[in-house]
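Subject: Structure handover and what was found in it

Dear colleague,

Please find below the structure that I promised to pass on. Could you read it alongside the notes that come after it?

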Amino acid sequence: KKSCKITVLPGDGIGPEIMESAIEVLKAISKKYGINFEFHEALIGGAAIDATGDPLPEETLKLAKESDAVLLAAVGGEKWDNLPTDRRPEKGLLKIRKELDLFANLRPGKAYTALLDASPLKENLIKGVDLLVIRELTGGIYFGEPRGIEERNGEKVGYNTMIYYEHEIKRIAKLAFDIARNRRKKVTSVDKANVLEVSAVWREIVTEVHAEYQDVELEHMYVDNCAMQLVRRPKDFDVIVTGNLFGDILSDEAGALTGSLGMLPSASIGERYALYEPVHGSAPDIAGQGIANPIAMILSAAMMLEITCKLPEAARDIENAIDKVLEEGYRTGDIWAPGTKKVSTKEMTKAIIKYII
Ligand code: NAD
Ligand code: IPM
Ligand code: MN
């Protein structure tokens with residue numbers, strides 16, 4: 001019998017609520033496909049700070065390294081917002097990405113026919129959107145040194161460094177072209193090369209890597225223009241490859257286009273490890289009410305089934321079940337529209353599982 005050892009990190013806010021949904025769905029998949037999931041829950045983020053003082057306890061990292069995959073919900077919340085940057089819940093997430101060398105974050109954004117009414121864009125603009133943001137995840141301004149807060153000339157300054165090494169750009173560019181080959185064969189590389197040296201190098205290396213992928217179209221775009229074009233003509237994008245900060249921003253934008261951030265899953269992958277996490281955060285404004293949209297988390301689990309567990313049929317099963325419940329009009333608050341059924345996190349999960357078994 002096939003087996004998969006999974007580290008489960010519920011984290012903070014709506015994290016535990018949506019993680020419960022993903023686990024329920026995986027249990028249904030387990031029965032249907034005869035795969036055995038071994039779930040090991042551990043602490044990260046604010047929950048870990050409260051219990052141990054550390055947003056990423058050594059024990060959690062060790063467990064993650066011994067697992068086939070990590071499922072993470074979300075971290076962060078007001079309670080920890082006044083801690084210094086390197087002791088906040090978010091630091092736990094950044095550290096696990098870095099320690100597992102998860103250099104690529106795949107964030108697919110696609111328009112659901114049943115959800116066209118939830119998009120802020122006109123239907124003709126959004127219908128048929130199917131894009132993938134590939135965000136560099138372990139470099140750039142998130143990790144660059146020097147960084148800090150200090151006093152200079154009698155006043156406070158804060159600073160960070162946006163830096164990319166050639167090898168970091170090469171590996172993410174290669175991955176983007178390889179993935180584009182199995183899609184619509186178009187890559188948009190997003191940078192700010194008109195202003196930043198780091199982007200000039202980014203553009204040069206991406207162009208170099210492209211030489212071995214002449215069957216794939218490459219276009220370069222400045223990030224400000226890209227933010228605009230994503231709203232104006234989102235259908236023209238296939239694969240977007242970009243650095244850590246630009247990717248963070250553009251993927252939230254993609255989330256809003258296609259209905260809700262609560263719909264957007266992601267896979268953070270490296271050579272050895274993989275972690276699956278929704279694009280959204282801990283949604284403190286709706287935490288504890290049982291109304292969060294579990295779909296981003298469930299779809300992240302589906303990405304795990306496909307990429308790590310090598311069960312693409314099971315992933316398709318989940319996607320199809322989600323299509324069906326959306327068509328039937330089930331909606332959590334974030335995607336609700338008049339004439340549809342407003343449901344809780346649990347009701348949505350139940351409805352999805354009904355179509356899996
Ligand atoms: P957020 O993504 O948590 O929320 C933004 C908005 O989207 C909120 O109105 C929220 O209610 C809504 N939303 C998000 N996910 C939803 C879901 N599944 N269902 C329904 N509505 C949903 O971003 P924020 O408010 O800027 O950040 C809140 C906290 O989350 C912060 O501490 C931040 O650092 C953290 N954060 C964590 C992650 C992560 O763990 N991967 C990602 C982003 C933000
Ligand atoms: C995300 C989040 C994180 C990021 C934060 C919480 C560290 O916004 O996963 O998109 O900026 O990478
Ligand atoms: Mn983000």
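Predicted model: local features only at pLDDT ≥ 70, side-chain atom pairs only at ≥ 80, totals over all residues.

Residues are numbered from 1 along each chain as its sequence is written, and chains are lettered from A and ligands numbered from 1 in the order in which they are written.

Overall fold

The protein chain has 12 helices and 14 strands, where helices (H or I, at least four residues) and strands (E, at least two) are DSSP runs numbered from the N terminus. Its radius of gyration is 20 Å, close to the 21 Å that the globule rule gives for 357 residues, so the chain is as compact as a globular protein of that length; the radius is taken over C-alpha atoms, and the rule is 2.2 Å times the number of residues to the power 0.38. Along the principal axes, the C-alpha atoms fill a box of roughly 60 × 50 × 45 Å. Of the 357 residues, 49% count as buried, a residue being buried if 20 or more other C-beta atoms lie within 10 Å of its own, exposed if 12 or fewer, and partly exposed in between, with C-beta atoms placed from the backbone. Among contacts with a separation of 6 or more, 75% come from residues 24 or more positions apart, a contact being two residues whose C-beta atoms, placed from the backbone, lie within 7 Å.

UniProt lists residues 5-352 in an unreviewed entry as "domain: Isopropylmalate dehydrogenase-like"; its positions are given in the numbering used here, feature names are shortened, and annotations may be inferred rather than shown by experiment. That span is 41% helix and 20% strand, and its end C-alpha atoms lie 23 Å apart.

Domains

The domain assignment gives domain 1 (1-103 + 270-357) and domain 2 (114-133 + 140-257), with bounds that come from an automatic or database assignment. Taken over C-alpha atoms, the centres of domain 1 and domain 2 are separated by 24 Å. Eight residues from domain 1 and 12 residues from domain 2 take part in the contact, and on the side of domain 1 that touches domain 2, α4 and α11 (312-327) each supply at least two residues. By class, that side of domain 1 has six nonpolar, no polar and two charged residues; here Ala, Val, Leu, Ile, Met, Phe, Trp, Tyr, Cys and Pro count as nonpolar, Asp, Glu, Lys and Arg as charged, and the others, Gly among them, as polar.

Around ligand 2 are Gly76, Glu90, Leu93, Leu94, Asp248, Val279 and Gly281, which divide into three nonpolar, two polar and two charged.

Which helix gives the most to the shell around ligand 2? It is α4 (residues 89-99), with three residues. Eight of the 11 residues of α4 are buried, so this helix is largely enclosed by the rest of the structure, and the cover over its buried residues includes α2 (45-52), α3 (58-65), β11 (267-269) and β12 (274-276).

Backbone details

Most residues other than glycine have a negative phi, and most peptide bonds are trans. Lysine 185, in the loop between α6 (166-181) and β8 (186-191), has a positive phi near 60° and is partly exposed, with 14 other C-beta atoms within 10 Å. Lysine 310, in the loop between α10 and α11, has a positive phi of about 55° and counts as exposed, with 12 C-beta neighbours inside 10 Å. Finally, a cis peptide bond with omega of about 0° joins glutamate 145 and proline 146, and proline 146 is in the loop between β5 (130-136) and β6 (148-152).

With best wishes

Methods
Near = placed C-beta within 6 Å.
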